[in-house]
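This report looks at a few residues of one model. Keep the sequence and the structure in view while reading.

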Amino acid sequence: MPEDTQPDSTQPDRTAANPTVDESAHAPTGVMDPADEVTEINPDVDITPEDIGPTVAEGERLLEVDDVTLRFGGVVALNEVSFHINKGEILGLIGPNGAGKTTCFNVMTGVYQPTSGGVRFLGNPLGKRKKFAITKLGIARTFQNIRLFANMTVLENVLVGVDAHHSTGIGSAMFRLPKHRREEEQGHARAMELLEFMGLAGKADELARNLPYGDQRRLEIARALATSPQLLCLDEPAAGFNPAEKRKLMELIQTIRDQGYTVLLIEHDMKLVMGVTDRIVVLEFGRKIAEGTPAEIRDNPAVIAAYLGVDEEDAS
């Protein structure tokens, strides 16, 4: 998926509020706050990833990060980081601001080449593959800042993802050859299926920039799913969400996993992370300081120290 697309400047500022006004005091009794009106997903829609290549059995290692170090001049952004993701699980990648979480995502998806170490997917090194080649292998991602094609429709945005695995070229498109028409029809059906799953089918013809903030987040996830990934990487998908939206996001992530996807999640909201992940990896200053189940991470002195800014002895 293109990475040079800039986030749409028309997105609403979810943080702006007047602290002196208690709007709830003036809201009519029994009327839902518009902020709590969250688009409902349709979990009964089958969005099982298409079979596009080799895979591994449930529970086996899908992706491995092996002693990855990344330097920018004299700055060590990642320092011998190692962890793995098993097929069918939801893995959380957490840490304070500047810990190296998104940098790690960028190494895994081909944005940066590690200074040393490497990443293996399905047992094979990613090496110096380009970003589009890594997407074709089966790794898709979303971004901290929403990167949609603002002046394209909701449907067209998802079709961009579907096109990642089309095999026909310019000649087939110009002459409308049968194979090209078949791929177009199949792609359109797949895109509408994903929009139906996300609860966005009724907005397929709207411009992406006109969607509410929460729906833009869902559209970006739908576009990533359209590439039929085996591994879906979500970079702070709850950013700017209210509590109702976060609850729905947890349901969405769990449903995506239940439909056959593996999920890697970067998120600052600890309640969401603890409630949805199977395992958690914790980074601090580019180093891995902990790995384990949510219960183990919650009581880990090193993690408590990293988040509270105290010594490990004081945290234990």
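Is Phe285 buried or exposed? Phe285 counts as exposed because its relative accessibility is 64%; exposed means over 50% relative accessible area, buried under 20%, and partly exposed in between, with a 1.4 Å probe and protein chains only.

## Basis of the values

This is a predicted model, in which local features need pLDDT of at least 70, side-chain atom pairs count only at pLDDT 80 or more, and totals for chains, interfaces and linings use all residues. Residues are numbered from 1 along each chain as its sequence is written, and side-chain values use heavy atoms, with hydrogens and water left out.

## Two residues with positive phi

Most residues other than glycine have a negative phi. Phe285 is not a glycine, yet its phi is positive, at about 50 degrees. Phe285 sits in the loop between strand 9 (279-284) and strand 10 (287-292). Strands (E, at least two residues) and helices (H or I, at least four) are DSSP runs, numbered from the N terminus.

Glu80 is also a residue other than glycine with a positive phi, near 50 degrees. Glu80 belongs to strand 2 (residues 75-86). With 57% relative accessibility, Glu80 counts as exposed.

## A buried residue in a helix

Val158 is part of helix 3 (residues 154-162). Val158 counts as buried because its relative accessibility is 0%.

Which residues does Val158 touch, not counting residues up to four places away in sequence? Val158 is in contact (heavy atoms within 4.5 Å) with Ala191, Leu194, Leu195, Leu219, Ala222, Arg223 and Ala226. Between Val158 and Leu148, 10 residues apart in sequence, the C-alpha to C-alpha distance is 9.7 Å.
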